[in-house]
Amino acid sequence: MPEYYWPEEGKRSLIGKRHSRLDGPAKVSGKARYAYDTNRPGMLFGKGLRCPHAHARITKLDTSAAKKMPGVKAVRVVQDVGSEIHFALDEIVFLAAVTEEIATDAIRAIKVEYEVLPHFVTEEQRDKAPEAKPAEEEVTGEPNAAMEAADVKVEGYYGIVPIAHCCLEAHGQVCEWEDEQNMTTWCSTQNVSGMPAQFAEKLNIPASNVRAVTQYMGGGFGSKFSADRWGIECAELAREAGAPVKLMLERDAEMTVAGDRPSAYARIQLGAKRDGTLTAWVSESWGSGGVGGRGAPPLPYIFQVPNRRHQHTAVRTNRAGARAWRAPRHPQACHLTMGVLEDLAAELRMDPLDLFLKNVSIMGPRAKTFEEELKKAAELMEWKKKWHPRGDSGSGRVKRGLGLAMHTWGGRAHRSNCELLVYPDGSVEAKLGSQDLGTGTRTVIAIVLAETFGVPLAAVKVNIGDSRYPASGASGGSTTVGGVSSSTRRAALNALEQLFAKVAPDLGVSPDQLEAVEGRIQVKGNSGKNLSWKQATAKIGVNPISVTGANPGVGKLNDSGVGGVQMADVSVDVETGLVKINKMVAVQDCGLIIDLKTAESQVYGALIMGIAYALSEEKIVDPVTGRILNANMEFYKLPGVGDIGELVVHMMKGRRYDERGVIGLGEPPVISPGAAIGNAVANAIGVRVPYLPATPDRVLSALEKGGMA
Ligand code: MOS
């Protein structure tokens with residue numbers, strides 16, 4: 001099998017440049033169709049009856065009045081009398097009606113009674129939990145002896161509360177049956193190729209009879225891999241009613257049951273030599289992923305302290321199950337680890353940047369890159385000029401401070417298949433069963449195609465978002481750009497091989513002496529001896545060249561393992577407790593960058609998402625009712641444009657990075673912002689605010705208690 005490569009440095013005309021998303025105009029003009037925008041002739045509207053209690057048993061259920069209402073076309077009980085409900089807003093009944101209003105009225109007409117059972121939603125108090133999975137423990141070296149022998153020790157308490165995914169487009173879909181055996185779903189998913197099997201299994205039809213379409217989707221962040229019960233029930237309602245059904249989650253359900261990032265709390269002891277060399281780590285962490293109870297953060301994060309012990313307890317709560325949230329478990333681990341490192345630096349009266357640099361040798365395989373990134377970030381932040389020891393000594397009520405954090409992620413390319421057609425008129429069309437989560441997948445595929453063929457971006461057509469196209473992996477784990485760029489590159493090189501064979505006789509050379517550049521097929525290095533792209537493709541014959549490219553998950557086109565360093569400059573008003581971002585610096589590597597603009601855009605977006613969970617974003621759970629109090633877009637606080645300060649993004653570039661091939665970038669830059677901001681707050685006000693988000697009440701409480709939890 002031939003080896004596939006990216007074009008070498010100096011021979012890339014599109015790869016690595018800044019390109020705007022090709023589907024930007026469709027999105028801003030409203031032409032782009034999301035699952036939510038899908039409307040079918042005769043379509044019904046689906047809704048769910050949801051349990052208001054966090055823990056209850058259904059004692060009575062009567063749907064007869066709802067069934068009799070004019071306009072109600074199908075009613076399905078999914079949890080009946082006797083069922084135990086484990087979290088608030090779990091579904092009891094789904095129904096479909098001719099209008100949303102009738103569906104809502106019909107839900108109200110259902111008679112249901114519950115025996116309310118005790119619930120538990122405050123996992124920080126794990127000693128009160130009815131169910132906590134026994135601690136997993138990992139030990140390396142001699143943590144007790146090393147802690148004993150350490151010159152300096154700190155002990156801290158850190159926590160990060162549960163948050164939602166808060167996708168702008170809620171979970172949901174439209175389902176339509178063509179006949180008794182064939183169904184199409186227009187769904188909001190990160191997993192187009194995986195949908196048919198998931199639906200088919202539950203609907204008891206062959207997977208080949210299910211088609212999933214996701215042309216555009218409004219965010220997933222890890223919460224949209226599954227067909228979900230509401231997806232299956234939407235299909236069942238459509239089958240029963242004999243009409244298409246649209247069922248999208250209401251915002252309160254979306255934010256309560258469709259995504260939960262697990263919380264994490266930890267007591268950590270860290271020991272070091274006087275010069276800052278880390279020697280001992282002992283931590284005990286706990287947290288909740290809701291009814292599933294999972295989500296152990298990888299501790300210590302990045303810094304492989306030679307002697308270490310870590311214990312984690314998963315606490316079960318009466319909240320909907322955890323879903324992967326952009327870099328699952330890493331933002332938690334990062335906040336917990338970087339927090340105690342910053343506290344150790346303060347104890348040593350050392351600049352944390354120096355403490356980090358002192359310990360580069362225990363940063364694992366990416367240490368050299370981390371060192372470069374730490375220095376680059378420091379330069380962009382003017383760290384050495386601006387940094388001061390813990391506690392802004394100024395007399396005003398506004399204190400300023402700096403904080404830093406670093407992160408790592410895998411991002412190995414997923415398996416992906418690309419079908420490619422090159423037509424005799426020179427037009428080009430690719431088909432991939434992938435999806436664009438809003439990250440720029442379409443654009444990246446087009447860049448790779450156009451680059452490989454030496455034609456303009458506008459000359460290629462990219463089809464994605466349909467399970468009828470060749471399968472690609474789910475968009476999870478930052479694997480998509482690596483996967484689709486590799487399969488597309490392979491397909492395009494395979495097509496060129498055929499095209500070169502067709503035109504080589506005309507140019508009087510062998511096919512391996514040809515190259516495709518700037519709209520021509522030419523003899524390598526001899527631009528005078530050529531055919532234009534159009535002249536060349538005219539020789540294809542009647543049928544298009546039809547090839548496939550498969551990315552097997554290994555090869556020279558992609559790699560895994562990235563790093564990043566982020567720094568925050570904040571101001572804290574010690575009278576109001578309000579934290580303001582002055583500036584964030586993000587330095588990030590991701591191997592070969594295909595589109596610099598969409599890559600940077602991932603980092604900007606991650607910084608904003610990070611500022612959200614650092615300062616304001618929180619699922620506020622009422623311990624009395626077990627309900628989320630702010631499951632809406634008004635009190636679930638996300639930053640506005642006035643809250644984000646100056647954002648500086650720097651992508652690491654150059655031969656050392658390019659040679660690694662493409663590596664995923666979507667998740668890593670969202671890991672560090674919370675930790676960097678948390679550390680900057682401590683540096684500003686002189687005490688640790690143990691929790692994220694560092695809301696005004698928590699800042700004031702930390703000031704009052706002198707930083708004790
Ligand atoms: Mo990601 S949290 O694997 O979509």
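How much space lies in the largest cavity? I looked this up first in the predicted model and noted about 80 Å³.

**Entry 1: cavities**

I counted two cavities of 30 Å³ or more. Around the largest cavity I listed 13 lining residues, and those closest to its centre are Gln173, Cys187, Ser188, Ser226 and Ala227. Strand E9 (172–177), helix H5 (195–203) and helix H6 (228–241) each give two or more residues to this lining. I sorted the lining of the largest cavity by class and found five nonpolar, six polar and two charged residues.

For the second largest cavity I noted about 60 Å³ of space. Its lining includes Phe87, Ala88, Thr256, Asp260, Arg319, Lys619 and Ile628. By class, I recorded five nonpolar, three polar and three charged residues in the lining of the second largest cavity.

I checked the accessibility of Lys619 and Asp260 and found both buried.

**Entry 2: other salt bridges**

I noted 45 salt bridges in the structure. Among them is one between the side chains of Asp228 and Arg323, at 2.8 Å from N to O. Asp228 belongs to helix H6, while Arg323 sits in the loop between strand E15 (307–315) and helix H8 (330–348), so this pair joins parts 95 residues apart in sequence. Are the two partners buried or exposed? Asp228 is buried, at 11% relative accessible area, and Arg323 also counts as buried, at 16%.

I then examined Lys358, which forms a salt bridge with Asp275; the closest N and O atoms are 3.6 Å apart. Lys358 lies in helix H9 (352–358) and Asp275 in the loop between E13 and strand E14 (278–287), so parts 83 residues apart in sequence are tied together. I recorded Lys358 as partly exposed, with a relative accessible area of 39%, and Asp275 as partly exposed at 37%.

I also found a network of salt bridges that links Arg50, Asp90, Glu91 and Arg229.

**Entry 3: the second largest pocket**

I next looked at the second largest pocket, which holds about 990 Å³ of space. I counted 32 lining residues, with Arg489, Leu493, Leu496, Glu515 and Ala516 the closest to the centre of this pocket. Which elements supply at least two residues of the lining? I listed helix H12 (441–453), helix H13 (480–507) and strand E20 (514–517). H13 provides the largest share, six residues. By class, the lining of the second largest pocket has 16 nonpolar, five polar and eleven charged residues.

**Entry 4: a surface patch**

Lastly, I noted a nonpolar patch on the surface, formed by Leu168, Met633 and Leu638, with about 300 Å² of accessible area together. I located Leu638 in the loop between helix H15 (596–615) and strand E26 (646–651). Why does Leu638 count as partly exposed? Its relative accessibility is 38%, and partly exposed covers values between the limits of 20% for buried and 50% for exposed.

Technical notes. Residues are numbered from 1 along each chain as its sequence is written. This is a predicted model: local features need pLDDT of at least 70, side-chain atom pairs count only at pLDDT 80 or more; totals for chains, interfaces and linings use all residues. Side-chain values use heavy atoms; hydrogens and water are left out. On a 1 Å grid over the protein atoms alone, a cavity is a set of points where a 1.4 Å probe fits but cannot get out, and a pocket is an open set with protein on both sides within 12 Å along at least five of seven lines; lining residues have an atom within 4 Å of a point. Grid points are joined across faces, edges and corners, and a volume is the space filled by probe spheres set on the points. Helices (H or I, at least four residues) and strands (E, at least two) are DSSP runs, numbered from the N terminus. Ala, Val, Leu, Ile, Met, Phe, Trp, Tyr, Cys and Pro count as nonpolar, Asp, Glu, Lys and Arg as charged, and the others, Gly among them, as polar. Patches are made of residues with over 30% relative accessible area and no salt bridge: like charges are joined within 9 Å, nonpolar side chains (Val, Leu, Ile, Met, Phe, Trp, Tyr) within 5 Å. Accessible areas come from the Shrake-Rupley method with a 1.4 Å probe; for residues, only the protein chains shown count as cover. A salt bridge is a side-chain nitrogen of Lys or Arg within 4 Å of a carboxyl oxygen of Asp or Glu. Buried means under 20% relative accessible area, exposed over 50%, partly exposed in between (1.4 Å probe, protein chains only).
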